[in-house]
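User: Hi! I'm new to this structure and would like to get to know it step by step. Could you walk me through it?

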Amino acid sequence: MGLGDAVDGRVFHVKLPGHDAMARRVDEHLVPTRILLPRRVVDRPLRQVAKRLLMAILVLAATVLIVWLDRSGYHDDADGSVDLLDAVYYSTVTLSTTGYGDITPYSDSARLTNVLLVTPLRVLFLIILVGTTLEVLTERTREDFRLNRWRTNLRDHTVVVGFGTKGRSAIQTLCATGLKKEQIVIVDPATKVIESANAEGFVGVVGDATRSDVLLRAEIQKARQVIIATQRDDTAVLVTLTARQLNRGAKIVAAVREEENAPLLRQSGADAVITSASAAGRLLGLSVLSPSAGTVMEDLIQQGTGLDLVERPVIKAEVGKSVRETDDLVVSVLRGHRLIGYDDPAASPLQLTDRLITIVRVSGSAPPLNTPRPQGA
């Protein structure tokens, strides 16, 4: 799709704002697509080495003690008897599987002890010594297992394309309304950005979101909603088209920088389009005219604190009543695909299938988005 794009027979020209995080790599098509899961907290390398060394010393000490207690059952070719130094020497060469054969168990009890105790300790000692190598060999297997389990359990999640300022703010709002981090998947072409998302507990997919295989790795076909927060409007259009093709039922919300590009996003399949530059400009203008009104508006769009805008269904007790008779402060009524203002006579009486956009005050933690608030909240 070029600068002049045709959607449903209509031709639109996308206004390009400039540099973008989604297109900052000239060769981004060569960037391998990967899924990065949040890493578990592990000890520092030096601490891991110290722990393994301590375990090896404990195993060696236990072997020395076993040999020393049963020293009468061992024979030393040098002098015939086994002292403490001989016990340490025998334990060392035995655990390292060197086995020179100058000190040997000859009694039945000593041989039985070697079979039941010394041999398992030898195996444990070797496992500790090669633990780092084994960990590297099994890391891929563990990651594959985690990925398969993640894919199996993931459904009705949220895919966020772009982890910049807009993407982070959108995620903060979702988390404030009760969405778990495990239900969010971030897509971005920069590995460092995804690693930063991993550090915050989010699953990330490294790759270009305009490609269908990248979005499929994010399991977009099972997603409930998609947030497109790229910096370039043409990138947002391509991502929207690809996402809508892969998931016909998901709710897609996209951000654009230029208001003239908003119709193209809607034609591409976005359910809602937010013009970031215009929205910021309007808030600035409102704050100049009335700083208090600007503060209230900023509070409303910041979920989880102060006043919140909440969408909820009409409860049975409210059916047949007018908008002003509800316990919550109703701003608008969503009836089918029509949004009706609170002062519109058509908004009343309320119907059971209506949804209300209300303003409520947050007390404690905010309930999940799109769920009813208790009356009188």
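Predicted model: local features only at pLDDT ≥ 70, side-chain atom pairs only at ≥ 80, totals over all residues.

User: In which helix does R244 lie, and is R244 buried or exposed?

Analyst: R244 has a relative accessible area of 10%. Buried means under 20%, so R244 counts as buried. The helix that holds R244 is α8.

User: Which residues does R244 touch, leaving out those up to four places away in sequence?

Analyst: With those sequence neighbours set aside, contact here means heavy atoms within 4.5 Å. On that basis, the partners of R244 are G249, A250, I252, S268, G269 and D271.

User: How many of the 14 residues of α8 are buried?

Analyst: Among the buried ones are D233, D234, T235 and A236, as well as R244. The cover over the buried residues of α8 includes β6 (158-161), α7 (212-217), β9 (225-228), β10 (251-256) and α9 (262-268). Helix α8 is largely enclosed by the rest of the structure, because the number of its 14 residues that are buried is 10.

User: What span should α8 have, and how far apart are its end C-alpha atoms?

Analyst: The expected span takes 1.5 Å times one less than the number of residues. For the 14 residues of α8 this gives 20 Å, which agrees with the distance between its end C-alpha atoms, 20 Å.

User: What is the order of the strands in the open sheet, and which are the edge strands?

Analyst: The 4 strands run in the order β12-β15-β13-β14, with antiparallel pairing. From one strand to the next, the twist averages 25°. An edge strand pairs on one side only, and the two that do so are β12 (307-313) and β14 (338-341).

User: Which residue of β14 stands opposite R335?

Analyst: Strand β13 (residues 329-335) pairs with β14 in the antiparallel sense, over 4 bridges. Opposite R335, the residue in β14 is R338.

User: At about what angle to β12 does α11 run?

Analyst: Helix α11 (residues 291-300) lies across β12 and β15 (355-361). Its angle to β12 is about 45°.

Notes: Residues numbered from 1 in each chain as written. Heavy atoms only, no water. Buried < 20%, exposed > 50% of the residue type's maximum accessible area, 1.4 Å probe, protein only. Pairing = 2+ DSSP bridges. Axes fitted to C-alpha atoms, helices over the stretch in contact; angles between N-to-C directions.
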